[in-house]
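Please read the points in order beside the sequence and the model.

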Amino acid sequence: MHTRNAKLPDAQHIHTLIKNYSHDGTLLPRSLPELYENVRDFVVVEDEGKIIGCGALHMYGPHLTEVRSIAVSPAYKGKGAGRILIDALLAQAEEHDVKCVCLFTRIPDFFALFGFRAATREDMPDKIYKDCVNCPRLHACDEVAMVRGELPKMAVLGASNIQLPIIDVKMIEKQMYRKTARG
Ligand SMILES: CC(C)(COP(=O)(O)OP(=O)(O)OC[C@H]1O[C@@H](n2cnc3c(N)ncnc32)[C@H](O)[C@@H]1OP(=O)(O)O)[C@@H](O)C(=O)NCCC(=O)NCCS
């Protein structure tokens with residue numbers, strides 16, 4: 001079992017792997033055209049010539065990169081593929097001298113094994129502008145934000161295309177929480 005950088009013909013396999021886990025919201029769905037466009041972000045895990053795992057590193061800039069689309073084929077879970085995949089992505093982040101690696105997950109215990117710690121999504125405005133604002137779960141996110149390294153002190157994406165400033169996300173979440181608590 002080994003990792004390697006993905007090549008264009010791998011996009012179809014990556015698409016199938018991600019599809020295993022996107023129907024229930026575990027992973028964000030990725031379309032095939034989007035995967036062709038971003039295939040160079042991906043690392044795959046190969047076992048006897050078969051692609052059994054994939055994961056990507058999305059670069060925002062020297063301040064931040066995001067681990068995303070982590071998937072190991074259901075038949076190969078628990079055999080160490082996830083570990084070598086994350087190690088390979090972290091090695092790439094180090095090669096690029098990125099200060100902070102972030103991710104959003106429902107399995108924080110898995111990523112804690114690799115030195116990730118809990119954070120808030122407001123610590124990573126770039127992620128909010130890139131994905132969260134387009135997500136139907138913007139105000140009901142059940143994923144844990146995690147980081148490894150220095151929290152970003154800057155952002156490169158702006159609020160120009162969104163109607164809802166970040167500060168309101170926090171305020172609305174608080175209001176929703178109060179409503180729920182009151183019943
Ligand atoms: C999470 C996932 C990538 C793990 O891959 P895997 O190949 O089964 O993991 P490994 O066999 O390499 O396990 C490495 C370690 O992680 C632990 N681990 C595996 N899955 C875990 C989980 N869900 N929660 C906590 N720890 C987990 C293992 O016990 C092992 O620990 P050890 O080395 O101390 O024995 C895989 O289960 C998967 O594809 N899940 C569905 C998609 C998903 O949830 N992706 C992440 C979204 S952010």
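1. The shell around the ligand comprises 9 nonpolar, 5 polar and 4 charged residues. Here Ala, Val, Leu, Ile, Met, Phe, Trp, Tyr, Cys and Pro count as nonpolar, Asp, Glu, Lys and Arg as charged, and the others, Gly among them, as polar. The model is a predicted one, in which local features need pLDDT of at least 70 and side-chain atom pairs count only at pLDDT 80 or more, while totals for chains, interfaces and linings use all residues. Residue numbers start from 1 along each chain as its sequence is written.

2. Of the 18 residues around the ligand, those that come nearest are Lys77, Gly82, Arg83, Thr105 and Phe110; a residue is near if its C-beta atom, placed from the backbone, lies within 6 Å of the molecule. At least two residues of this shell come from each of S4, H3 and helix H4 (108–112). Helices (H or I, at least four residues) and strands (E, at least two) are DSSP runs, numbered from the N terminus.

3. Phe110 belongs to helix H4. Phe110 has 14 other C-beta atoms within 10 Å and is therefore partly exposed; a residue is buried at 20 or more such atoms, exposed at 12 or fewer, and partly exposed in between, with C-beta atoms placed from the backbone. Phe110 and Arg83 are 27 residues apart along the chain, and their C-alpha atoms are separated by 9.3 Å.

4. The largest nonpolar core has 41 residues, of which Ile14, Leu89, Val101 and Cys102 touch the most other members. Such a core is a set of buried Ala, Val, Leu, Ile, Met, Phe, Trp, Tyr and Cys residues joined through C-beta atoms within 7 Å. Helix H3 (81–95) is among the elements that give two or more residues to this core, and H3 gives the most, with 6 residues.

5. S6 and S7 pair in the antiparallel sense over 3 bridges, and Ala118 stands opposite Met146 in S7.

Notes
Two strands pair if DSSP finds at least two bridges between them.
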